[in-house]
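Let's walk through this model together, starting with its overall layout and then moving into the helices. Keep the viewer open as you read.

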Amino acid sequence: MPVLPRARGPVSAAVLDVLAGHAAAGDLAGALPDLAGVDPLGDDLQLALYACYELHYRSFDGLDERADDLEWDPDLLALRARLEAPFLDAVRALVDGGDDVEAAVEALLVEPTEGSGPSWHLAGDGERWQLDEYVALRSLYHLKEADPQAWVIPRLDGVAGRAKASLMTVEHDEYGAGRPERVHARIYAEMMEGLGLDTTYGAYLDVAPAPVLATVNIMSLFGLHRRWRGASVGQFALIEITSPPGAARLVSAIERLGLPERVTEFYAEHVEADAVHEQLVRKDLLAGLLEREPELAADVVLGLQASTVLEDRLADYLVRCWSAGASSLVAVPERSAA
Ligand SMILES: [Fe+2]
Ligand SMILES: [Fe+2]
């Protein structure tokens with residue numbers, strides 16, 4: 001379990017004080033600043049939200065028996081709702097929206113011949129420390145890969161079946177298809193080990209900047225609310241549809257840097273597996289969901305586009321840091337970074 005991160009402002013400080021047992025959740029409302037003045041995509045709010053969501057996954061070290069109560073603490077949940085609203089508003093303001101799922105998917109399939117994201121950068125002339133940072137930061141999701149999307153399973157109709165069966169087929173692969181050594185989170189941890197990174201769950205939370213936190217938070221937000229099941233499915237589809245070309249570039253980056261073959265395993269797996277998953281997601285998951293619940297089309301588009309814009313913001317941030325020769329990690333003097 002990860003240790004509690006450091007606060008990055010008054011909102012995250014208030015939440016982390018409750019998690020650390022220094023304050024009661026009932027006092028949260030009074031301890032918070034006016035959220036109107038807090039950047040909904042900034043470090044403070046994103047870390048506070050991340051900490052709230054983590055209570056539903058693996059939780060944090062040192063919370064012990066309090067973790068069970070905190071997960072369903074009404075004051076903490078009320079605060080989480082107050083943080084989710086401006087986050088969602090900010091994301092909605094960034095996306096085009098609409099309810100044409102087919103058009104939104106088609107837009108994702110257009111790969112630029114000369115892109116500028118981190119996988120392009122790393123495949124081109126990225127340096128080893130940049131690959132380490134990328135893998136360290138992405139571990140926030142990949143060490144719980146497919147978990148945020150698993151929340152949506154009971155929200156899909158099992159009798160109509162088509163969407164649910166295809167989602168489960170993909171999730172089954174993500175979780176190793178019955179082979180623990182093939183669980184994607186584990187293959188990711190092995191890659192981290194090969195790079196000399198810390199494979200402890202949540203080890204890089206403290207150094208993860210807001211754009212990283214936002215990409216994971218949006219998955220948790222959509223996954224944890226039944227109301228957002230369409231968006232969760234859209235978000236899931238986005239990952240499966242867009243991952244192969246980026247994964248292929250990361251394989252060549254790792255090869256170019258002369259790292260052992262086992263380090264390429266995770267991304268190589270995603271070139272192959274996600275090509276199959278893309279078909280399943282388009283033909284059965286999206287089509288099956290919309291056949292059963294056509295009114296969710298706009299939410300599916302929101303899920304596809306929300307993750308796209310947040311991934312784009314992260315890509316810009318990483319490449320901007322690296323191009324300036326700067327680290328993309330949040331500076332935390334007392335704890336070691338990647
Ligand atoms: Fe995967
Ligand atoms: Fe996949």
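How many residues of domain 1 are in contact with residues of domain 2? In this predicted model, 15 residues of domain 1 are in contact with 16 residues of domain 2. The domain assignment places domain 1 at residues 10-93 and domain 2 at residues 98-323, and their C-alpha centres lie 25 Å apart.

Let's look at the side of domain 1 that touches domain 2. Two elements, α3 (43-54) and α5 (74-94), each give two or more residues to that side. The largest share comes from α3, with 6 residues. By class, you will find 9 nonpolar, 3 polar and 3 charged residues on this side of domain 1.

With 21 residues at 1.5 Å a residue, α5 should span 30 Å, and its end C-alpha atoms are 31 Å apart, which agrees. Its buried residues are L76, L79, R80, L83, E84 and V91. They cover an arc of only 140° around the axis, so they sit on the same side of α5. The general rule behind such a pattern is that an α-helix has 3.6 residues a turn, so residues three or four places apart point the same way. Turned away from the buried side of α5 is a face with the exposed residues P74, A78, A81, A85, D89 and A93. What covers the buried residues of α5 includes α1 (10-19), α2 (28-31), α3, α4 (66-71), α12 and α15.

Now for the nonpolar core. The largest one has 93 residues, and V15, A48, A208, A237 and V300 touch the most other members. Helix α13 (residues 229-256) gives the most to this core, with 12 residues. Because domain 1 and domain 2 both give residues to this core, it lies between them. To see one of these spots up close, select V15: leaving aside its neighbours within four places in sequence, V15 is in contact with A48, A51, C52 and L79.

Finally, turn to helix α8 (residues 128-142). Its 15 residues reach 20 Å from the first C-alpha to the last, close to the 21 Å expected at 1.5 Å a residue. The buried residues of α8 are Q130, L131, E133, Y134, V135, A136, L137, R138, S139 and L140. Among the elements covering the buried residues of α8 are α7 (118-124), α11 (184-194), α12 (210-224), α13 and α15 (297-323).

Conventions
Residues numbered from 1 in each chain as written. Chains lettered and ligands numbered in written order. Predicted model: local features only at pLDDT ≥ 70, side-chain atom pairs only at ≥ 80, totals over all residues. Core = buried A, V, L, I, M, F, W, Y, C linked by C-beta atoms within 7 Å. Buried ≥ 20, exposed ≤ 12 C-beta atoms within 10 Å, placed from the backbone. Helix = DSSP H or I, 4+ residues; strand = E, 2+ residues; numbered from the N terminus. Domains from an automatic or database assignment. Contact = placed C-beta atoms within 7 Å. Expected span 1.5 Å × (residues − 1). Nonpolar A, V, L, I, M, F, W, Y, C, P; charged D, E, K, R; others polar. Arc of directions from axis to C-beta.
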